[in-house]
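Please consider the structure displayed here.

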Amino acid sequence: MGRAKNLATAMHRRIRNEDRGSAVVEFVFASTVLLIPLVYLILAAGQLQGGSYAVVGAADHAAKVFAAAEDPVQARNDAHAVVRRTMHNFGYRNARTSIRCEMECLSPGSVVTVTVALDVPLPFVSEWVEASAFTVDSSASQRTDRFG
């Protein structure tokens with residue numbers, strides 16, 4: 001009986017020694033498999049949020065610049081320049097801008113609506129391929145002064 005107990009104890013020690021260190025390996029492997037997609041998801045959400053802020057700011061400022069201009073042609077050029085500058089400041093490019101006037105542009109009391117749309121690039125992927133999973137857009141309206 002004593003010999004069988006010694007044999008069982010020796011086998012138990014050998015099995016326990018063979019498993020030593022495997023928890024660390026399993027943890028490193030599992031955390032890598034789980035953390036890489038999680039970090040990428042956080043980066044993509046940050047890109048989406050940055051794109052959202054960019055189009056809101058661009059549309060708002062472009063509508064204000066358009067409504068304050070003296071000439072409709074110059075107003076359109078200034079509004080497009082504001083959108084390009086805002087997108088550049090946020091690190092984006094290729095935003096689409098549409099300008100719509102209610103009544104005649106820049107007539108007293110008319111309303112201009114500027115819409116800016118952006119295809120938000122995916123982190124790391126869009127450097128090689130033009131890929132976008134999200135499109136964000138924003139519209140802003142501004143009334144032209146009635147009394148000049």
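The paragraphs that follow begin with the overall architecture and then turn to individual residues.

This is a predicted model, in which local features need pLDDT of at least 70 and side-chain atom pairs count only at pLDDT 80 or more, while totals for chains, interfaces and linings use all residues. Residues are numbered from 1 along each chain as its sequence is written, and side-chain values use heavy atoms, with hydrogens and water left out.

The chain contains 3 helices and 3 strands, arranged along the sequence as α-α-α-β-β-β. Helices (H or I, at least four residues) and strands (E, at least two) are DSSP runs, numbered from the N terminus. Of the contacts with a separation of 6 or more, 60% join residues 24 or more positions apart; contact means heavy atoms within 4.5 Å.

Of the 148 residues, 28% count as buried, where buried means under 20% relative accessible area, exposed over 50%, and partly exposed in between (1.4 Å probe, protein chains only). In soluble globular proteins, nonpolar side chains tend to be buried together. The largest nonpolar core here has 26 residues, and those with the most contacts inside it are Phe66, Met87, Val112, Val114, Val116 and Leu118. At least two residues of this core come from each of α2 (22–68), α3 (72–90), β1, β2 and β3 (132–143), with α2 giving the largest share, 8 residues. Such a core is a set of buried Ala, Val, Leu, Ile, Met, Phe, Trp, Tyr and Cys residues joined through side-chain atoms within 4.5 Å. Beyond its neighbours within four places in sequence, Val114 is in contact with several residues, including Ala59, Ala63, Ile99 and Ala140.

The loop between β1 (96–102) and β2 (111–121) holds Met103, and Leu106 lies in the loop between β1 and β2 as well. Neither is glycine, yet phi is positive in both: near 70° for Met103 and about 65° for Leu106. Met103 is exposed because its relative accessibility is 58%, whereas Leu106 is buried because its relative accessible area is 15%.

The accessible surface of the chain is about 10600 Å², 59% of it belonging to carbon and sulfur atoms; areas come from the Shrake-Rupley method with a 1.4 Å probe, and for residues only the protein chains shown count as cover. A nonpolar patch of about 1000 Å² includes Leu38, Leu41, Phe124 and Trp128. Leu38 belongs to helix α2 and counts as partly exposed because its relative accessibility is 43%.

Notes:
Patches are made of residues with over 30% relative accessible area and no salt bridge: like charges are joined within 9 Å, nonpolar side chains (Val, Leu, Ile, Met, Phe, Trp, Tyr) within 5 Å. A salt bridge is a side-chain nitrogen of Lys or Arg within 4 Å of a carboxyl oxygen of Asp or Glu.
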